[in-house]
Amino acid sequence: MLLTDYFFKEIETYKKDQVREQTYNKYCSNGRFLIENFSDMVLSEMTADDYQQILNKYAETREKATITDFHHQLAWALKRAYNVDGILKRDVTFDAKIPQGKKPGKKKQKFMEIEDMKRLIQELKHENTPEANFFLILLKTGLRFAEALGITLNDIDFKKKTVSINKTLAYKGHQKGTRTFAPTKNRYSVRTIIVDDAVLYMLWKNAKGADPDESIFFKIKGFQFNSTLNNKLKRACRKAEVPEITLHSLRHEHATYLVSQGISSMAVAERLGHADDSVTRAVYIHRLETEKARDNEEIAQKIANL
């Protein structure tokens, strides 16, 4: 059996409809890479050197994080060929070295100061469109894009002022106007968060005409594609004269603001749906440390001027 045939057989059997659609598409994309570059490789004859050569080839045009994901997906299949099906006589992935890959491009992080955030909020309130309301909800809740699209009226407790996050909306790969709910990113993502009156009002306002179990925002034209919304958010940022950010950046801004206001990293992690606060500390506290270093420099300059 060829390596490519085995890989596609395994992902068809064990991954299709078992993992998120985007994840399955990545498996298929990696399978196509194998077809393009190693279509003649016989699975039973594979060696550790062969596997390393596959990783090295993949790394020629990709960054390390992408290579690592590829390694995990291909190694999963090859370990099954060894441990379950007995096609391989040894684990050819053992002690494989993940190449460094190409050097990551410099990505300039764009963060907002609190004053920037307030200006953006004022601009969004002024626009008062379904899109602007949606951006405000993301900024005030820290929800992922698909999580926010998954909210229905049944998920909202107007008396307790909470929203239950228990599903997402699989907005990609479906016909226009249709919606299919999907599980959250992981079990930690299922949570109930407290929200303010403004968020409750915006959810209620945009849910007019929606069934209790229907996505509040997906029925609105333009919410089928996050690229469309990202462009509208960037326009709002330009109007507010603040750094241009994306939908996902609103989640980061929400978390950073809470940490900066003294909310514990664990409480923020639970609100975001993280397994623990390690990600929160690594991402958001790093930014606060950067700001602290900048503040210390300014303090030193002030002291020098005494």
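Guide: What follows is a conversation about a predicted model, in which each label is set against its cut-off.

Visitor: To begin with the overall picture, how many helices and strands are there, and what share of the residues is buried?

Guide: The protein has 12 helices and 5 strands, and buried residues make up 43% of its 306 residues. Its accessible surface comes to about 17400 Å², of which 50% belongs to carbon and sulfur atoms. Among the contacts with a separation of 6 or more, 66% are between residues 24 or more positions apart.

Visitor: Why is Glu10 called buried?

Guide: Glu10, which is found in helix H1 (residues 3-14), has a relative accessible area of 2%; buried means under 20%, so Glu10 is called buried.

Visitor: What makes the pairing of Arg80 and Glu10 a salt bridge?

Guide: The term asks for a side-chain nitrogen of Lys or Arg within 4 Å of a carboxyl oxygen of Asp or Glu, and the N to O distance between the side chains of Arg80 and Glu10 is 2.7 Å, so the pair qualifies. Arg80 lies in helix H4 (residues 64-83) and Glu10 in helix H1, so the pair ties together parts that are 70 residues apart in sequence. Arg80 is buried, as is Glu10, and a network of salt bridges links Lys9, Glu10 and Arg80. Beyond its neighbours within four places in sequence, Glu10 is in contact with Lys15, Trp76, Arg80 and Asp85.

Visitor: How do you know that Lys16 and Glu12 form a salt bridge, and are these residues buried, partly exposed or exposed?

Guide: Their side chains meet at 3.7 Å, N to O, and the cut-off is within 4 Å, so the pair counts as a salt bridge.

Visitor: Which parts does the salt bridge between Lys140 and Asp196 tie together?

Guide: In this salt bridge the closest N and O atoms of Lys140 and Asp196 are 2.8 Å apart. Lys140 lies in helix H6 (residues 130-141), whereas Asp196 lies in the loop between strand E5 (191-194) and helix H8 (197-206), so the pair ties together parts that are 56 residues apart in sequence. Lys140, at 28% relative accessibility, counts as partly exposed, and Asp196, at 31%, is partly exposed too. By the salt-bridge rule, the count comes to 15.

Visitor: How do you know that the span of helix H10 agrees with its number of residues, and why is the helix called largely enclosed?

Guide: At 1.5 Å a residue, the 14 residues of H10 (residues 247-260) should span 20 Å, and the end C-alpha atoms are 20 Å apart, which agrees. Of these 14 residues, 10 are buried, so H10 is largely enclosed by the rest of the structure; the buried residues include Leu247, Arg251, Glu253 and His254. Just after H10, Gly262 takes a positive phi of about 90 degrees.

Key:
Residues are numbered from 1 along each chain as its sequence is written. This is a predicted model: local features need pLDDT of at least 70, side-chain atom pairs count only at pLDDT 80 or more; totals for chains, interfaces and linings use all residues. Side-chain values use heavy atoms; hydrogens and water are left out. Helices (H or I, at least four residues) and strands (E, at least two) are DSSP runs, numbered from the N terminus. Buried means under 20% relative accessible area, exposed over 50%, partly exposed in between (1.4 Å probe, protein chains only). Contact means heavy atoms within 4.5 Å. The expected span of a helix is 1.5 Å times one less than its number of residues. Accessible areas come from the Shrake-Rupley method with a 1.4 Å probe; for residues, only the protein chains shown count as cover.
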